[in-house]
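Thanks for coming, everyone. Let me put the model up, and then I'll walk you through it.

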Amino acid sequence: MGGIEGRGLRGGGGGGAYHILPSDWQLLDLPPAPPTSAIHVRVTWARGPASAELTLQSGEKEAWWQQPIAARELFWPEVGVAEAGLLQEQVQWCRELRELEPHSRGCLLALALLLWALEPLEHEEETRSCLKELQAADPLRRGFVSDAASRLEVAAALLRRGAGPEGELRLRGKALTSLPLLEHLTLVPHLDLAHNGLGGLPAAMGALRRLKVLDVAHNRLRSLQGFPPLPWLEELGLEGNPLDHASALSPLAACPRLARLRLAGTPLASAPGAAHHVGLLLPGVDVSWG
């Protein structure tokens, strides 16, 4: 690749730093590199200290971009813009009100949002407790609260792990019902989502362009409808999901590097002729049935 096109990118010349402006498009020439090496560009925002990473692998047609992680923006951005002193004052009010009305739905939700905006990991357990109590107190909005709890778990895992490309992001057994914040998982190579409550895998997972290993065993997946073609996916674990037709796996045919698929404990594993149909659908994929 001889250049990179990006919104608001401006070059410093001679392979120097590039600064992002709020408007216009620029096409930047990249410095020459040997065919076997990667080109790494660091991009810095013109306003504020935030930065982002961009890696271009020689010979590939993809550019990998990882946006910076701002803790206060991960859970509820509208609350995170307030000053810390004001947030602390409101937290104290909510705690006092909670003593008087321990099952107040508004108080529980407000306290969860304020605690996260104030200091996410320091108040993680109290935030989680508020959301669990809110689920019990407001069954009509259980779906909304479950999605909020899922966002909390993903955000906390991201803050602990960081946004780098190394290692595994573990979200096993976190009662996830949705997959938020996928835009922050761009460089994750190994994602563990086993033992959750996911009923589907969204098309937004296409943001995980570097994902090689995905474990979604023991969720509630009946099909992979909407699952995007992930170019680097090599291994997928689907054990224990209620998959009962080979056609439910058809989106996987668009994953060019898929080599290993685990289907133990699914209804499909005991269905007559399943191995034959899956073999026709996914030739060359090593399928584990037990």
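First, a term: two strands pair if DSSP finds at least two bridges between them. Strands (E, at least two residues) and helices (H or I, at least four) are DSSP runs, numbered from the N terminus.

Some ground rules. This is a predicted model, with local features needing pLDDT of at least 70, side-chain atom pairs counting only at pLDDT 80 or more, and totals for chains, interfaces and linings using all residues. Residues are numbered from 1 along each chain as its sequence is written, and side-chain values use heavy atoms, with hydrogens and water left out.

Six strands form an open sheet in the order 6-7-8-9-10-11, with parallel pairing. Strand 6 (168-170) and strand 11 (286-288) are the edges, each pairing on one side only. Strand 6 runs parallel to strand 7 (residues 190-192), joined by three bridges. Within that pair, Glu168 stands opposite His190.

Next, the core. A nonpolar core is a set of buried Ala, Val, Leu, Ile, Met, Phe, Trp, Tyr and Cys residues joined through side-chain atoms within 4.5 Å. The largest one has 63 residues, and Leu238 is among those touching the most other members. Helix 4 (105-118) is one of the helices supplying at least two residues. Helix 4 gives the largest share, nine residues.

Last, Cys130. Cys130 sits in helix 5. Is Cys130 buried or exposed? Buried means under 20% relative accessible area, exposed over 50%, partly exposed in between (1.4 Å probe, protein chains only). Cys130 is at 0%, so it counts as buried. Beyond four places in sequence, Cys130 contacts Arg98, Leu108, Leu111 and Ala112, where contact means heavy atoms within 4.5 Å.
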